[in-house]
Every structure is written in C-alpha cells, then in structure tokens.
Amino acid sequence: MLQRVKMRERLWDFVIIGGGATGVGCAVDAASRGFDVLLLEQSDFGKGTSSRSTKLVHGGVRYLAQGDIRLVREALKERGILHRNAAHLVKIQLFVVPCYSLRQKVFYGAGLKTYNFLSAKYGFGKSKILSKKETIEKLPNIKPKNLRGGIAYFDGQFDDTRLLTNLVITAAENGATVLNYAKVFELSKNSQNKTDGVKFQDAETGEKFNVKAKIVINATGAFCDSVRKMSDENAEKIIAPSQGIHLVFDKEFVRGETAMMIPGTTDGRVLFAIPWHGKTLIGTTDTPIEKIELEPKALEEEIEFILSTCEKYLAKSPKRADILSVFVGIRPLVKSANAKNTAALSRDHTIEIDESNLLTITGGKWTTYRRMAEDAVNQAIKIGDLNTEKCVTENLKIHGFCEDSEKFGDLEIYGADAEKIQKLIKENPKLAEKLHEDLPYCAAEIVWATRFEMAQTVEDVLARRTRALFLNAKAAIEIAPKTARIMAQESGKSEGWIDRQICEFKMTAANYLSDRVQNKE
Ligand SMILES: Cc1cc2nc3c(=O)[nH]c(=O)nc-3n(C[C@H](O)[C@H](O)[C@H](O)COP(=O)(O)OP(=O)(O)OC[C@H]3O[C@@H](n4cnc5c(N)ncnc54)[C@H](O)[C@@H]3O)c2cc1C
C-alpha cells in the first residue's frame, strides 16, 4: 500500500483521515463509485471508538423515547441494509425488557411495537408481551421478585472490528489504498487557501509523505477537532466527548441466548446485557470527559454503577472478581447549543465544510456508517472537482458475505474467508491448535490476520482481528508471547521485535483489567 503512495503521480480524488467506521465507510463509498481513494489511519483500523461499541446494529430504542422518529427510522433501514449486505456478521438477536409494573409493560410494549412498525420492510420480527413465566424462561438469571413480565423484541448484533476489517478489504477490493499506522500531522493548502492535501508519517519507518487530493475528508471521530484545527487554528470545538464502558463476564450471567435491555437506569441510560462470543457483555455508561485519548480508561464509579445495576436485576449478579475485561469508548457527540449533558445530545451525524473545503463528518453511530458515508461523498462531489457518480453501497455485498456461515463453527465470523483459513489448517494441521482454553481462537487466525488483514502488532491481532483482549484480558496476556512468535515467523521479525511486542501489549492490556481503573480526579 505504501508503495502505491510512493508511485502515485496524479492527485488522489479523496484522502480520508481516520480508519474507524466513518472513514472506512467513506473509503468504501468513494472507491465503489470509481474514485481514487487514499485512507490514512494513525494507529490500527478501529483503534478508536469503532472497536469499543455495544456491538448492536440498531435503531436505538433510546432515541424513540426521546421522540426522534426520523433518526430511529433511518437507523432501522440501515440495520436492514447491513444485515442483507453482511449476512455473515450481522445476526438477529432476541432481547427481553423485564417489567416490574403494569405501567412499564404497557409503556415498553407500545414503544417496542412502534420500534418494529418503524422498521417497515426491514423488520427483524414482531415484538411480544411476555408473562412472568415466559420472561423467566428467556432470562433464567432475572430476579423474580415483583416481576410482572417482559417485552420480547428483535435487534441486530455484530462484531464491530470484524465488520470494520471486512469493510477495509471491501474498500481495497474496490481500488482504495488503505494504510494503518499513518498519522496525518498537517494539511496543505493551495494558493487560494483551499485544502489540497495532507502530510502524514509512517509509524514504522518514520518516513514522511506529502500527498495531494481534490477533497480531504476528516473522519477522525472524537479526534475531529484536532484535524479541524490543522485547517483553521481558530476553529471552535464541536465535540462534547463522553465515555461509555462495558464489562465482560462469563456466560452464566445471562444464561441462554437472550439479551436483556434495561431501559431506565438511574443515570438515565439504557443498560444492555448481551451474549457475545460465548461471554456476557454488559454496558454502558455515559460520563462526560475532558481528555480525548486513544486508550481511554474506565473510572471506578463507572464499574461500580454497572455492578450495582446488575445487582438490582440479576439473581446471581456478577462481582468485581468476575470481570474478564473492561473496555472504554468515547462518543463523538456533536455539541448542541442548549443541551446540558451529553446523554441528551444528538446521535445524528454532522457534516461541516470549512472555508478551506476541509470536509468533516462526525457523530452518528456504527449502524448508520453507510448512510453517513453516502452523505459525505455526495457533499464532497458538490464542492470538489469530481464527476457525479451515484452511490452503490446500498446493494454492495461486504467482503466475506456468506449466507450460511454457521457451518464454519468457531470460524463463522469470517464468512466466506473461513474456507481459506480452513485451507491453511489443512496445509499445516498444527495451526488448528487452540490458543487458550477460554478463548475460541486458533493459531491459523494469527497467520491469517498477519498475511491478509494488515495486522502489524500483537495488539492488532488480539484486540481487533480476534477479540481476545475484549473477551478475557488475562487470557489475552497469556497468549501474547505465542502470538508474537507466530507473527514474527510470518513476517520475518527479530527476537527483539517479539520482546518489544509482548511488553507493549502487556502495557495496553493492563487497561482492560478491572484492577487498573482510576478515580475521577
Ligand atoms: C460506548 C459506546 C457504545 C456504542 N455502541 C454502539 C452500538 O452498539 N451501535 C452503534 O451503532 N453505535 C454505537 N456507538 C457509536 C459508534 O461506535 C461510533 O459512532 C463510531 O464507532 C464512530 O466511528 P468513527 O469512525 O467516527 O470514530 P473512531 O472509530 O474513533 O475512528 C476515528 C479514527 O481516526 C483516527 N485518527 C485520529 N486522528 C488521526 C490523524 N491525525 N491521522 C490519522 N488518523 C487519525 C483514530 O485513530 C481513530 O481510529 C457506541 C459508541 C460508544 C462510545
């Protein structure tokens, strides 16, 4: 990919900064319309918020409560499109809302009927009012005292970075040049003071590049203000960052395959408990923060909040020692003049085109990445010297598409690529070896990620190509040495590289262990 940049003589149509859902979505959109695209990510694809979501492809039941019908309808349509185009990754998940009064049953019952109604032809199945007995059957670990029943409904679930990786490959298959570990540190301007390119640095070699483009898209999520300031040092901040944490536990805390949704926690948020890759994912919180970091830290009070909310609803509720992993994401919420706290800010996306034609796209959510990209590229066509090409992503199958991927067992998540991983194992049966008894991954997946998915570090493999770090941080630390050795063998790295990788991974992984949290001060 770097070679392509070095050999490029013409300008690019698009340079896109940021390799999360938004930037990669823009790269897929623009490349599939036939434009020349260069995507630059400062760290690994998905290192930012896009690896740290609740893993829901959803309309947002919460926004329904806020009366934002248009937003919910649009997101439900996107949910349906994504399910159709990435059938191997987006699964229909049954959720149950436990109800402790008749009022709740009527209120949530009506709300979720509307939710289903709004999905129109993209519906995932009808919602249903459940008796107390039926609710307990679906949620065997729910506290039965005062339970009046529940509401069952369907939504989408996915693995965020698996989808992201497949989108990166889709962009590349459509001709885009995609680079991770390429940080943009400056924008360049032409004589009319219009942004006409970027300067970036390859993190591995330190080499600096100066590339020119007709349009530069700033898709850096919560970091977008820093890039806006590269264009206009007086630009006012538009992001009001808040963080959300998730805790991961063993499966026993949901038991069964049904997810649970608590619509009204004491901080006014929705809390989900979701079965995910054989574990239970519980979250999320909403805490305004000052500092925007690539590796945000959980606060003690956030962990306490999730544990105490679980205690209210679960018969056997998880304790601190049961936490397998803690992960934190920063919401790229766009400020609105009269909102007092971030929970009330818009999840809708914002496109800003500044005086120099730098196009910033931010806000929104994972579920709506395709629509966000379509809007951004449409705007870019209007302001750049670009041919009017129609968006084709509504019907574009995402790399790995496969309708019956269940047949691949633990490799299901790879969709059509699973057969190629199986072939690696056939050629070298040692690669079938499981890496850890508590994780579903085998050695072939490390080889695959290193050879074909641009994984450069142990963290790339254990956090984002597989989800080991998110599922069980301690287990991930234990398999880091083996992972480093397999990667080194694949890419001809030295013993020194192996040692450094293990050490760096341990440092990052410490943030996912629950005993390494911090107090708010
Ligand atoms: C806790 C939480 C839970 C969520 N759950 C859901 C959910 O269940 N479903 C859903 O639909 N949405 C969910 N969302 C929202 C969704 O995850 C985000 O809207 C989405 O991931 C944002 O993607 P992004 O690409 O805009 O930002 P990011 O993923 O943060 O990507 C921005 C990228 O830009 C890179 N970058 C920054 N500066 C530079 C630079 N100078 N040069 C190069 N690269 C740079 C960063 O490294 C980063 O990788 C959730 C969000 C949070 C916080």
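This is a predicted model: local features need pLDDT of at least 70, side-chain atom pairs count only at pLDDT 80 or more; totals for chains, interfaces and linings use all residues.
Trainee: Understood. Which polar backbone atom lies 3.1 Å from an oxygen atom of the ligand?

Mentor: That atom belongs to A21. A polar backbone atom of T49 is 3.0 Å from a ligand oxygen, and for K55 a backbone N or O atom lies 3.5 Å from an oxygen atom of the ligand.

Trainee: And how much of the ligand does the protein bury?

Mentor: The protein buries 97% of the 1,000 Å² that the ligand exposes when taken alone.

Trainee: How many residues surround the ligand, and which are the closest?

Mentor: There are 36 residues around the ligand, and the closest are T22, E41, S50, L56 and T367.

Trainee: Why is α2 described as largely enclosed by the rest of the structure?

Mentor: Because 12 of its 12 residues are buried, where buried means under 20% relative accessible area. Among them are A21 and T22, the residues already named for a backbone atom 3.1 Å from a ligand oxygen and for a place among the closest to the ligand.

Trainee: What do the buried residues of α2 pack against?

Mentor: Their partners are the strands β1 (12-17), β2 (37-40), β10 (208-218) and β18 (359-363), together with the helices α7 (160-173) and α10 (369-383). After α2 comes G34, with a positive phi near 100°.

Trainee: A change of topic: is E74 buried or exposed?

Mentor: E74, which lies in helix α4 (residues 69-85), has 14% relative accessibility and therefore counts as buried. Leaving aside residues up to four places away in sequence, E74 touches H349, T368 and R371.

Trainee: Finally, how many residues of helix α13 are buried?

Mentor: In α13 (residues 458-465), 8 of the 8 residues are buried, so that helix is largely enclosed by the rest of the structure. The buried residues include the charged E459, D460, R464 and R465. They pack against α7, α12 (443-452), α14 (468-471), α15 (473-491) and α16 (495-509).

Note on methods. Residues are numbered from 1 along each chain as its sequence is written. Side-chain values use heavy atoms; hydrogens and water are left out. A residue is near a molecule or strand if one of its heavy atoms lies within 4 Å of it. A polar contact is a pair of N or O atoms within 3.5 Å; within protein, one must be able to donate a hydrogen and the other to accept it, and residues adjacent in sequence count only if both atoms are side-chain atoms. Accessible areas come from the Shrake-Rupley method with a 1.4 Å probe; for residues, only the protein chains shown count as cover. Buried means under 20% relative accessible area, exposed over 50%, partly exposed in between (1.4 Å probe, protein chains only). Helices (H or I, at least four residues) and strands (E, at least two) are DSSP runs, numbered from the N terminus. Contact means heavy atoms within 4.5 Å.
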